[in-house]
Amino acid sequence: MSQKRSLTNRQLFLEFYDSKLEEGKEVTLEGWIRANRDNGNVGFIAFNDGSYFKNTQIVYDGNNKDYEQYAHLKYGAAIQVTGTIKLTPEAKQPFEIHATNITLLGDCSEDYPLQKKRHSYEFLRDIAYLRPRANTFNAVFRIRNTLAYAIHRYFQERGFMYVHTPLITANDAEGAGQVFHVIADPKHPTDFFNANACLTVSGQLHVESFALAFRDVYTFGPTFRAENSNTTRHASEFWMIEPEIAFADLEDDMDLIESFLKYIIKYVLDNCKDEMEFCNTFLEKGVIDKLNHVLNTTFRRMTYTEGIELLQKAVKGGHKFENNDIYWGMDLQSEHERYLTEQVVKGPVFLTDYPKEIKAFYMKLNPDNKTVAACDLLVPSEGEIVGGSQREEDYEKLIAKMKELGNDKGLDWYLNLRKYGGCKHAGFGLGFDRLLMYITGIQNIRDVQPYPRTPGSLKY
Ligand code: 4AD
Ligand code: MG
């Protein structure tokens with residue numbers, strides 16, 4: 001028979017909030033020391049076992065025969081505590097544990113890199129295997145977990161089917177050439193699969209085929225891009241949520257994006273209250289108000305053409321962009337996107353109907369023959385977090401476009417979807433890590449990913 005594991009911090013807090021935590025109840029917990037101070041008569045340990053964001057206060061008495069030993073327990077050490085619950089509704093923490101016994105389970109050596117002080121993000125990145133213990137990362141990774149759960153909840157509650165699209169593929173779904181190659185033997189790169197294998201940049205093409213069988217589907221998994229851009233918003237490996245809906249157009253797609261984003265943001269605000277308070281105080285002042293504002297506004301929809309006109313007007317009015325040469329047909333840079341969402345709209349905005357030349361091959365050509373039925377969702381301080389579109393369902397138009405770009409090899413199956421019961425359909429990709437930055441106020445994508453992979457960096 002297996003021995004029962006100890007209680008958790010989380011269980012105690014949940015019991016407390018349920019008004020079920022009883023004064024005098026004896027408990028045993030196992031966890032780590034976040035702080036230990038004593039004044040000779042009484043000592044206090046800030047204790048956390050990782051199951052809950054908040055610490056539990058352990059009090060040990062000067063009369064305890066092992067007092068001196070307890071007073072020397074080190075920051076970071078793993079301990080087992082047995083004691084009784086004391087309710088302290090007037091104090092900062094709603095209850096504490098009065099220890100009868102503390103056992104050292106794993107000492108923490110003097111050279112522990114994580115100290116009880118503020119460390120720089122760069123330093124913490126370098127000790128990525130320890131940083132989940134730091135408050136900031138404890139909060140961020142908890143929110144990451146809740147956000148992932150909220151995403152599945154939203155779709156599952158609405159009958160969307162979750163599809164596992166492959167990570168190894170022979171297609172460059174975006175046609176942008178930013179793929180990592182998968183090779184078993186460098187001397188014979190195509191031998192293993194008898195194909196040019198690469199890591200997926202997007203699950204979209206595969207998930208489209210499932211939408212044409214199951215109507216509403218989504219994939220949510222890692223994607224990989226060999227973009228050599230060293231920015232705070234680009235990672236070589238990141239997670240993407242890609243829903244695909246059949247019998248739907250771009251308007252339906254934008255309705256879905258808006259409803260989905262509001263749901264998952266609300267879910268995090270409701271279920272990560274302590275973590276979000278922490279973000280609001282230490283990471284981005286006002287982030288909770290910012291998110292509540294998103295919940296309460298209707299996202300603006302504006303065409304790319306209108307966006308360009310507004311940017312040209314801004315330049316005429318004296319606004320200085322790093323790139324001030326604004327013309328119809330240009331690919332917008334982050335500074336332009338941010339101007340529109342931060343200065344003009346002051347909130348989330350969909351930019352739609354982009355010039356066909358600057359968007360991916362699969363997007364539906366509009367009747368003007370110049371633009372495609374695409375939408376990017378831009379948000380303040382972040383820029384683009386979602387890219388979506390209605391897909392080209394016309395076989396002839398799609399094959400012509402793919403041939404023009406030299407991107408028609410190996411994608412017969414994708415084209416055939418247009419022949420065998422094709423229908424209008426649409427979808428989008430939400431950058432999970434970028435959304436997490438937006439929600440927490442973290443400024444660098446490297447600090448929302450457990451083990452970031454970026455150009456020039458592959459530690460751990
Ligand atoms: O705009 P993208 O390239 O769109 C697609 O991949 C489509 N296949 C999606 C679809 O329609 N199913 O990427 C979608 C989102 C971006 O808006 C951005 O949030 C994120 O993925 N993203 C990145 N996030 C982190 N690092 C990178 N290098 C990223 N590249 C894109
Ligand atoms: Mg995009």
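## Aromatic cluster

Y149, Y154, F155, F160, Y162, Y218, F260, Y263, Y267 and F428 are joined into a cluster by ring pairs, where rings of Phe, Tyr and Trp (its six-membered ring) pair if their centres lie within 6.5 Å, with planes under 30 degrees apart counted as stacked, over 60 as edge-to-face and the rest as tilted. This is a predicted model, in which local features need pLDDT of at least 70, side-chain atom pairs count only at pLDDT 80 or more, and totals for chains, interfaces and linings use all residues. Residues are numbered from 1 along each chain as its sequence is written, and side-chain values use heavy atoms, with hydrogens and water left out.

## Two ring pairs

The structure holds 35 aromatic pairs. Y75 and Y112 form a tilted pair, with 5.9 Å from centre to centre and 50° between the planes; Y75 is partly exposed at a relative accessible area of 23%, whereas Y112 is buried at 11% (buried means under 20% relative accessible area, exposed over 50%, partly exposed in between, with a 1.4 Å probe and protein chains only).

F155 and Y218 form a stacked pair, at 4.4 Å centre to centre and 25° between the planes. F155 is buried at 0% relative accessibility, and Y218 is likewise buried at 0%.

## Contacts of ligand 1

A nitrogen atom of ligand 1 is 2.6 Å from an N or O atom in the side chain of E174, while an oxygen atom of ligand 1 is 2.8 Å from an N or O atom in the side chain of R225. A polar side-chain atom of R391 lies 3.0 Å from an oxygen atom of ligand 1.

Notes. Chains lettered and ligands numbered in written order. Polar contact = N/O pair within 3.5 Å; in protein donor to acceptor, adjacent residues only side chain to side chain.
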